[in-house]
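Please read it alongside the sequence and the coordinates displayed here.

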Amino acid sequence: MRIAFDLDNTLIRNDFDFPLARAKYPLLQRMLSTQLLRSGVQELFAYCRQQGWEVWIYTTSYRSSFYIRKMLWTYGLRADGIINQARHNKQVQVRSTKHPPTFGINALIDDSKGVELEGQRFGFPVVQIEPTNTAWVMTVQTQLQQLASAR
Ligand SMILES: [Mg+2]
């Protein structure tokens with residue numbers, strides 16, 4: 001499977017102060033002044049890798065893919081693909097905030113209920129995660145496992 005993670009309010013703090021993970025390379029992180037990521041991100045990426053799944057980032061922000069790669073790098077993480085708003089605008093033909101099927105993405109992890117509704121409308125799976133969900137790692141794993149076994 002190809003899994004994509006949203007950034008704002010899912011992996012990056014925005015409106016809600018969820019706990020942050022410690023960067024793997026804190027000095028590098030300070031040098032690059034990249035944003036910190038949500039606690040549990042390493043576990044989830046590792047989990048997806050163990051299953052043999054690809055891990056992508058899908059954000060409606062205009063952060064460059066270079067910035068996103070640097071940010072992940074400070075955590076020792078890597079993305080197989082990155083979609084920002086610019087790439088979305090270029091490639092997506094559907095009138096939807098996000099459209100994972102355009103990129104062959106099988107599941108999107110996102111805090112947005114609007115995106116979840118678009119998923120129902122256009123027929124793509126969204127694992128909607130509240131920023132307040134402290135057990136989000138387990139919620140994501142359980143739901144991805146269900147999606148994987150339903151395939
Ligand atoms: Mg979001």
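In this predicted model, Asp 110 has Gln 128 of strand E5 as its bridge partner.

**Strand pairing around E4**

- E4 and E5 run parallel to each other and pair over three bridges, while E1 is likewise joined to E4 in the parallel sense by three bridges.

**Nonpolar cores**

- The largest nonpolar core comprises 33 residues, and those with the most contacts inside it are Ile 3, Phe 5, Leu 11, Phe 45, Ile 57 and Leu 144.
- At least two residues of this core come from each of E1, H2, strand E2 (54-58), helix H3 (65-73), E4 and H6, with H2 giving the most, namely five residues.
- Beyond its neighbours within four places in sequence, Phe 5 is in contact with residues including Leu 11, Phe 45, Ile 57 and Ile 109.
- Another core, of eleven residues, lies apart from the largest one and has Tyr 58, Val 92, Phe 103 and Val 115 among its members.
- In soluble globular proteins, nonpolar side chains tend to be buried together.

**Helix H6**

- Helix H6 (residues 136-149) has 14 residues and reaches 20 Å from its first C-alpha to its last, close to the 20 Å expected at 1.5 Å a residue.
- Trp 136, Val 137, Val 140 and Leu 144 are buried in H6, and they lie on the same side of H6 because they cover an arc of only 100 degrees around the axis.
- Strand E1 (2-5), helix H2 (41-50), strand E4 (107-110) and strand E5 (126-128) are among the elements that cover the buried residues of H6, whereas the face turned away from the buried side carries the exposed residues Met 138, Gln 146 and Ser 149.

**The buried Lys 98**

- Lys 98 is placed in the loop between helix H4 (85-91) and E4, and it counts as buried because its relative accessibility is 2%.
- The side chain of Lys 98 makes a polar contact of 2.9 Å with the side chain of Asp 6, and it also reaches the backbone oxygen of Tyr 58 at 2.9 Å.
- Apart from neighbours within four places in sequence, the residues in contact with Lys 98 include His 88, Leu 108, Asp 110, Glu 118 and Phe 124.

Key:
Residues are numbered from 1 along each chain as its sequence is written. This is a predicted model: local features need pLDDT of at least 70, side-chain atom pairs count only at pLDDT 80 or more; totals for chains, interfaces and linings use all residues. Side-chain values use heavy atoms; hydrogens and water are left out. Helices (H or I, at least four residues) and strands (E, at least two) are DSSP runs, numbered from the N terminus. The expected span of a helix is 1.5 Å times one less than its number of residues. Buried means under 20% relative accessible area, exposed over 50%, partly exposed in between (1.4 Å probe, protein chains only). The arc is that of the directions from the helix axis to the C-beta atoms. Contact means heavy atoms within 4.5 Å. A polar contact is a pair of N or O atoms within 3.5 Å; within protein, one must be able to donate a hydrogen and the other to accept it, and residues adjacent in sequence count only if both atoms are side-chain atoms. A nonpolar core is a set of buried Ala, Val, Leu, Ile, Met, Phe, Trp, Tyr and Cys residues joined through side-chain atoms within 4.5 Å. Two strands pair if DSSP finds at least two bridges between them.
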